[in-house]
Amino acid sequence: MTFKDLKLSDKVLAAIDAAGYTIPTPIQAQAIPFALEGRDVVGIAQTGTGKTASFVLPLLNMLEQGRARARMPRSLILEPTRELAAQVAEAFETLGSQHKLTVALLIGGVSFDDQEKKLERGADILIATPGRLLDHFGRGKLLMNAVDYLVIDEADRMLDMGFIPDIERICKLLPPSRQTLFFSATMPPEIQKLTDQFLKNPEQVRVSAPATAAKNITQKLKFSPADSKTKRHVLRELMRSEVATIQNAIIFCNRKRDVAVLHKSLVKHGFNAGALHGDLDQRQRMATLEAFRKGEITYLAASDVAARGLDIPEVSHVFNFDVPISPEDYVHRIGRTGRAGRDGYAAMIVTPKEMKGVRAIENLCKAKIEWIDGEPSTENLAATDFSERRERSRRGERGGAGRGRSKEAVVAAKPRETAEVRPIRQETPSADDARPMRAASTSTAERPARNRRNGDGSSVSRYHRELLPPATSAPVVGLGDHVPAFLMRPVRVAS
Ligand code: AMP
């Protein structure tokens, strides 16, 4: 099938040509004909499948006739995040190059004044996050009764972010005669309810079963005997082994704090790296993403903020520094590579504690993932686990599942950086690794070990203990050298 077969206008076809797209992706081939017929569509598709163009192209086609009036947009696209909204605006810039349609972007973190001016001039296409859209509506700067086309994108993400009540409010403000194109990677009951309520006899198109990874992604697992520093070492080895084919890569961590530590470490080791996580402000996030897109940054250490929806074309590699807490996140993370039919590569580093997380992923994807250097043997895992527990107990940390947490929750949770474990294969500590480790050593997890009460009741810190002379390996007989003085005093024995 070609784009011509989809009965798109000449202008749209010219823009597709200029964008370099040759054949429609499956979601485009299925959704575009229904959209052009004026039908409501539910598209079940992940990002990376060409989903954005599957609504941008028919919208361009349908908006060719007519003009926008002040404060009365003709179409509305709802996106869960500012980044996604900005990306859709970019897609209109690329694919709408042959059209003279006006696009307004209403996202948080940007001044209301400029957005109001755009609305005042009239917008053919309004791309918005739900909160900011309702703010403008509340200020009386926006009328919704000319919206003929509504797109709800990443609906399951909207659900995760608590936007469903806002979406319901917005749908009720729009003319009932509008056409709705609705996209979601998964269809949980809340999303199904939303489509039942607000779509009219929709056509359902589905490009792959929810939560399945694309087949063109090579997936690998790499064993790391311990957390943090050892993991960073394993990651560098992995990255170096792939250096010939890496164009750019995203490295996912479970926690924002780890993203920052890993980013510092990579930079110190000479990798051209940036960081992206939810604690950075909007300006920093956009600047980092832009630099990554342009190739000024090769490696992006990121939290799951980058896993869903961000359109970063041609990511050649994904590295999972941590096994994600939820197996669905794995699918989203590796979906950043192998997009639009290209080949992708995704490798995940796994510590003994994260083995259960791997099994959960394999169960979800119904496939075994291959290990680099072979699957760790049970003995290897047990030995590592034993040395890990011994190390923890040496430091006075508690083993086991921990207070009030189920065993599963502990396995699923990301291993704590604070519970740094001496690696079996010790690397030479480098300056960068030393810093986060020192920071970690002040954490609550290690505090009990530092001021442990000693056998004589005194409190000796770990550092002071290290200054004491080393213990001899000879077994101590009786009280050893430390015989209390009163026992040494001569005593008078009655005759
Ligand atoms: P999306 O799923 O919308 O995030 O799209 C993923 C990537 O695929 C984006 O970089 C698009 O520019 C690209 N893309 C979309 N449709 C096509 C197509 N028909 N051929 C080649 N690339 C495409």
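## First stop: helix H5

Select residues 112–121, helix H5, and colour the buried ones: Phe112, Gln115, Glu116 and Leu119. Keep in mind that this is a predicted model. Now look down the axis of H5: its buried residues fall within an arc of 100°, so they line one face of the helix. The general rule is that an α-helix has 3.6 residues a turn, so residues three or four places apart point the same way. Turn to the other side of H5 and you will find Asp113 and Arg121 exposed.

What do the buried residues of H5 pack against? Show strand S3 (103–106), S4 and helix H6 (130–138), and you have the answer.

The charged end of Arg132 sits over the ring of Phe112, 3.8 Å from the ring centre. Arg139 also lies over the face of Phe112, with 3.7 Å to the ring centre.

## Zooming out

Show the whole protein chain next. It has 20 helices and 14 strands, and of its 495 residues 50% count as buried. If you list contacts between residues at least 6 apart in sequence, 75% of them join residues at least 24 apart. The chain exposes about 24,400 Å², with carbon and sulfur atoms supplying 53% of that area.

## The largest nonpolar core

Select Leu8, Phe55, Leu57, Ile77, Phe92 and Ile127: these have the most contacts inside the largest nonpolar core, which has 36 residues. To see where the core draws its residues from, show helix H1 (10–19), H2, H3, helix H4 (82–95), strand S4 (125–128), strand S5 (149–152) and S6, each of which supplies at least two. Which of the elements gives the most to this core? It is H3, with 7 residues.

Centre on Ile127 and display its neighbours. Leaving aside residues up to four places away in sequence, Ile127 touches Ile77, Glu79, Ala85, Val88, Ala89, Phe92, Val103, Ala104, Leu105 and Leu106. Apart from this core lies another, of 31 residues, with Leu119, Ala128, Ile164 and Met187 among them.

Move to helix H2 (residues 26–36), where Ile27, Gln28, Ala31, Ile32 and Ala35 are the buried residues. Seen down the axis of H2, these residues fall within an arc of 105°, so they line one face of the helix. Their cover includes strand S1 (41–44), H3, S6 and strand S7 (203–206). Step just past H2 to Gly38, which takes a positive phi of about 90°.

## Aromatic pairs

How many aromatic pairs are there? The count comes to 2. Phe55 lies in helix H3 (residues 51–62) and Phe183 in strand S6 (residues 179–184), so the pair ties together parts that are 128 residues apart in sequence. Both Phe55 and Phe183 are buried.

Then select Phe271 and Tyr299, an edge-to-face pair with 5.5 Å centre to centre and 90° between the planes. Phe271 is in the loop between helix H11 (256–268) and strand S10 (273–276), while Tyr299 is in strand S11 (residues 299–302), so this pair ties together parts that are 28 residues apart in sequence. Phe271 and Tyr299 are buried too.

Begin with Val315, in the loop between S11 and strand S12 (317–320). Is Val315 buried or exposed? Its relative accessible area is 2%, so Val315 is buried. Beyond residues up to four places away in sequence, Val315 touches Asn248, Ala249, Ile250, Phe292, Arg336, Thr337 and Gly338.

Next, go to Arg71 in the loop between H3 and strand S2 (75–78). Arg71 has a positive phi of about 60° although it is not a glycine, and with a relative accessible area of 31% Arg71 is partly exposed.

Finish at Glu154, in the loop between S5 and helix H7 (155–160). Glu154 is another residue other than glycine with a positive phi, near 50°, and at 8% relative accessibility Glu154 counts as buried.

Technical notes: Residues numbered from 1 in each chain as written. Predicted model: local features only at pLDDT ≥ 70, side-chain atom pairs only at ≥ 80, totals over all residues. Heavy atoms only, no water. Phe/Tyr/Trp six-rings, centres within 6.5 Å; stacked < 30°, edge-to-face > 60°. Helix = DSSP H or I, 4+ residues; strand = E, 2+ residues; numbered from the N terminus. Buried < 20%, exposed > 50% of the residue type's maximum accessible area, 1.4 Å probe, protein only. Lys NZ or Arg CZ within 6 Å of the ring centre and 35° of its normal. Arc of directions from axis to C-beta. Contact = heavy atoms within 4.5 Å. Areas by Shrake-Rupley, 256 points an atom, 1.4 Å probe, with all protein chains shown as cover. Core = buried A, V, L, I, M, F, W, Y, C linked by side-chain atoms within 4.5 Å.
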